[in-house]
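Please look over the sequence and the model shown here before reading on.

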Amino acid sequence: MQTSLSPVPDAKHWMFWRGLNRTTRIVCHPRLKPLYHLERLTQEEADEARQYVWRSTGNDPQFAWKRHLPVPGWNMLEVTIRHDQPSGAARLYVDTGRGFNEAESFYLTLKPGRTAKRLCYIGAGVRAIRFDPLETEGCFAVEHLRLVWLSPWFAYDRLAQRLANLHGQWLETPKTDILPQLKQHAREQNVHWRALALRQYEETFVRLCPRKSYRQWLVQQPMLSADRIAHQLAAFSYRPLISILLPTYDPAPEDLERCIESVLAQRYPHWQLCIADDASTDSRVRETLSRYAERDSRIEVVFRPTNGHICAASNSALARARGEYVALLDHDDRLVPEALYHVVEALQEQPQAELLYSDEDKVDGFGERYDPHFKPAWNPDLLLGQNYISHLGVYRTSRVRAIGGFRQGFEGSQDHDLTLRFCTGLAVDRIVRIPRVLYHWHAGQGSTAAAAVEKRYTAGAGLRAVQDHLDRHTAGARAEPGKYPNTYRIRWPLPDPAPLVSLLIPTRDQVSILRPCVEALLERTRYSRLEVLILDNGSTCRETLAFLGEIARDARVRVLQWPYPFNYSAINNFGVRHARGDILGLINNDIEPINEEWLEEMVSQACREEIGCVGAKLYYPDGTVQHGGVLLGVGGVAGHAHKYFSRHEPGYFSRLHLAQNFSAVTAACLVVRKSLFDAVGGLDEENLAVAFNDVDFCLKVREAGYRNLWTPFAELYHHESVSRGADDTSTKRLRATREADYMRRRWHHRLFDDPAYHPSLTLTYEDFSLR
């Protein structure tokens, strides 16, 4: 039943609320009163700002929750906020007599275009509620906000379901076993089970990475003590000298001093700082460098008589290097004290490494760290699109010298050019990622870190570097400027003659989605050498059968019958056996191309000898991203990168607009060579009839030695699961659980160590936020 009872939070009514049955519905809608960092937009401003209502003027906007207070006990918080920020998060604070505090608050990541929901356990005696709609400045509108009281048994079911889906401790535990085990753990720890359950439930929510969240994340990271580092250093069998190359030209003296002091503070002592000053005009620079050279014999300075720019200066520094490795450092940036220690720590396990690189963040003029870049492991296609390796880069000195050091003419992107040449021909195990932030990039005025557009010449140099690399290794490949500064798109050549492509489309009835899919494929695909195989899984709809008869008259189309129970893997394997093309395209029957060159782009990638599966950029009908590559481990098995992001957003460090290597891509639109499909045994019919068969297939391809690739330059709409439907019955949920369990058993060594992702990023959602 529905009830209009007004929520009464006093303790004397507690027994009444506990007595409500599961069908009782008590909804608490607030009236919001602005408290802090908020101002209402004028009508003119709202019209200009797409009908936003409020402006957050700081990073801590606050509303008072007026009118109704919630019923004590389990509640569902529902929030929809439209805003103009790349990402957003909200928090609800409840005062039960101790004021507003973090312990009685509920965090929620805002989902673009969707209502975000979470469980909240609210104690008795609620005095006030505060709602913080964003963690940043920006314009927004609160479109939906309420608390809905839940019966305990319904709340327990939702709690267990979320832990089973998203919490690392419970991923392989049946939902019905979670609460009993939680209660047992709570007894062992002498705590209330609900407190333990809520703590673990809270851990399943992502924390986005605005400055405030990054500060909080940094505080939580374990710190190595000086004694611990000293003990480890004594145990190192390999302690190479590392030469740090520092070209300088008119840095602010205080920035230069901080840079050099960060080297002096290194916990690893076997370093050499090679400074080449490129004829700085500020006399204070020479004074500073001379003073530091006198202070520490490990610092060597060469003063160049004339300005030759950064490549010449870097080569002057390189000429002084005596170390087995050289590390690159800019004159206003800083190393963390443990930077070289962690480099040498990695070398104990991988002494054959030729290149090591780390994560980085930025530091503003006030010394505040922000905008961390957590990088993937070796990702050669991403490196063609942007210099993601950058800082901290540590290179074997002999190889740097063998390739000629830094090339003049590539100033501004000299490190990108160096890395492309350095990595050519290197085995994957010679390139080592250190998944730690070891480098602080100074974001001062005029720096590339602060605004890439302030150094437009870097983009031109980078484009030349990438094109030069292509000219030396791939005839006919062409580099073009990307959508964002210092990013690039590669157009790969098609073979001549172009190969025949077989597009396989499993379907059953649903002509309303099949017709636009097939017609769009035939009408909006510029690539002409294709055949379309419609794999009919027992259609009975008269209109569908009529359409299949009609479309089969097109010489490019064949309709094949598969009269067996639905098995996505088996249907596609059947289709492959009948395909005439050298290239296969696995296509869902709810796919619609957007750009005519989509298949040219995918085929040109799939024809590269080193590439395995190629995936496309897929959108929901509202233009938000449905697939931007597959992230392993997310949600317990795999999730789609950048899901629900706007198609116009850059994504994590522009990755939504860069071709790159992923461990897997979705088979909703996947292109692969037929010979490779056959070589790895196709899709798994026995264990993965419906879900995860594409991830399993991609991982088999990857283990066979090929790189899977996702390209944003093949764009299509995907009306996800329209034809098959959702897993909304007990039978379907059981099947989904069984397939997820199989994937975790089969690929456990891969699912939680995805080289295209990072151990510091969330496995809860697909938005690259902090874990």
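What follows describes selected salt bridges in this predicted model.

The whole structure holds 46 salt bridges according to the search. Three of them are listed below.

| Pair | Closest N to O distance |
|---|---|
| R608 and D381 | 2.8 Å |
| R526 and E597 | 3.6 Å |

R608 and D381 form a salt bridge with their closest N and O atoms 2.8 Å apart. R608 sits in the loop between α19 (598-606) and β28 (611-619), while D381 belongs to helix α12 (residues 380-385), so this pair ties together parts that are 227 residues apart in sequence. Both R608 and D381 are buried.

R526 pairs with E597 at 3.6 Å. R526 is placed in the loop between α16 (511-523) and β24 (530-536), and E597 in the loop between β27 (591-593) and α19, so the contact ties together parts that are 71 residues apart in sequence. R526 counts as partly exposed because its relative accessibility is 48%. E597, at 18% relative accessibility, counts as buried, the cut-off for that class being under 20%.

Shared partners join a set of salt bridges into one network made up of R478, E480, R489, R491, R526, E597, E600 and E601. The R526 and E597 pair described above has both residues in this network.

Terms used. Residues are numbered from 1 along each chain as its sequence is written. This is a predicted model: local features need pLDDT of at least 70, side-chain atom pairs count only at pLDDT 80 or more; totals for chains, interfaces and linings use all residues. Side-chain values use heavy atoms; hydrogens and water are left out. A salt bridge is a side-chain nitrogen of Lys or Arg within 4 Å of a carboxyl oxygen of Asp or Glu. Helices (H or I, at least four residues) and strands (E, at least two) are DSSP runs, numbered from the N terminus. Buried means under 20% relative accessible area, exposed over 50%, partly exposed in between (1.4 Å probe, protein chains only).
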